[in-house]
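Dear colleague,

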Amino acid sequence: MCRNIAHNRVESKVTPSCREASMLMYEHRDPLKQFTVIDIDPYGSPSVFLDSAVQAVSEGGVLCITCTDTSVLCGVYPETCYSKYGSVSLRLKCGHEMGIRIFLSSLETHANRYKRYIVPLLSSCIDFYIRVFVQVFTSPSQVKRSLSKRSMIYACSGCDSHHLQLLGKRLEVGASKKYPAASGPPVDRTCAECGSTFKLGGPIWSEPTNDVGFVRSLLEELETHKQDYEHAARVRGLLAVVSEELPDVPLHYTLDQICNTLHCTMPNMLALRSAFMEQGYRISISHTHANALKTDAPNSVLWDIMRCWVKMKPVKVKPTSPAAVILSKEPKIEASFSVRKDANPPSRIQKLARFPENPEPNWGPKARAKRKAGTAAEDDQSECEGSKRSKIQDENTE
């Protein structure tokens, strides 16, 4: 840290510290000592730092937090996810977006304890980690709305159809504001599409995960200074896809998952997007999956469109499979798969680097670094402390 500070000539602005991060942030809870920006990038889960972080950031300040425990957030270890983040994760094709929403829900819970709430600016799942940028504000009245910002998720174990159940209602008419518990559940004991049972997950953040205006301002800034960034093309592709996502539609389906359920061939993505648009529904891609379908169409319409597709491309399925139950019903709509001009997203038309491949084989996070006695890190710490002592002595001499 000391070498980097000296290299960048910011000795007067940056103070290095080898103290425990949580304790350092707890000591800056006073509004006069709070930080404008706090960037937390630990190895593994950041859950142990959230309580201190939401208290140490200033009013309207920004928290930048990285989660590298995506296997926990994305459904591989739901019991660990509950112990760390207070939510049950499910292993779904939209697992990366669900992981983002679980983390935002946990962060909001920590902030609410201190009459504070979060406003997400940018939330993304990149490579093998989740990265979020949120503003933190203080308002007891806004904290009351937090119940209506979270949802439980019912996911079918047969066809992966999902349904959201809000935890609370938001009744705001003039000066009258009430936030009662929500009514539910939104599903029966078995799935209306395939007859399978449901898995229960959540709670998750069901409000927008990105501020579209903020993302577009980042794109403009990047375009102005793209020569200053080595990976400008990749960042531009990511931000462009994020800006195209439907902000008010939590979670998504994937084309390969839907076709795998029905054992059918995959339709052209643009043709399928056109089919939804012809029915009057919105649809977008998602930065978390190349084949994502994020739409405000109900599950019944989604499966009706796929029934129309299978009628054009017949398949053979086992009588007891979820596919057999889904395809045994006649579609209530007539889907058209003629490609519309507006079905092609701008990021695809511009041929941006939307979903770049890994730069090399076996690329990804490596094993946690191990501490050893007498390492270079300890030598660096001694060097840092020595330089600080010299600086103090020089100031006393002056």
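An axis here is a line fitted to C-alpha atoms, for a helix over the stretch in contact, and angles run from 0 to 180 degrees between N-to-C directions. Please keep in mind that this is a predicted model.

With that convention, the axes of helix 10 (residues 255-262) and helix 12 come within 11 Å and cross at roughly 60°, and helix 10 passes helix 12 in a right-handed crossing. On the side of helix 10 the contact involves I258, C259, T261 and L262, which meet L302, W303, M306 and V310 of helix 12; by class, these residues comprise seven nonpolar, one polar and no charged.

Helix 12 (residues 299-312) also packs with helix 11 (residues 269-278), at an angle of about 125° and with the axes 11 Å apart. Angles from 65 to 115 degrees count as roughly perpendicular and those over 145 as roughly antiparallel, and helix 11 and helix 12 are therefore oblique to each other. This crossing, too, is right-handed, and the contact is made by L272, A275 and F276 of helix 11 with L302, I305 and M306 of helix 12, that is, by six nonpolar, no polar and no charged residues.

Leaving aside neighbours within four places in sequence, L107 is in contact with L50, V54, L63, I65, I118 and V134.

Best regards

Notes:
Residues numbered from 1 in each chain as written. Predicted model: local features only at pLDDT ≥ 70, side-chain atom pairs only at ≥ 80, totals over all residues. Heavy atoms only, no water. Contact = heavy atoms within 4.5 Å. Helix = DSSP H or I, 4+ residues; strand = E, 2+ residues; numbered from the N terminus. Parallel < 35°, antiparallel > 145°, perpendicular 65-115°, else oblique. Left-handed = near helix turned anticlockwise from the far one by under 90°. Nonpolar A, V, L, I, M, F, W, Y, C, P; charged D, E, K, R; others polar.
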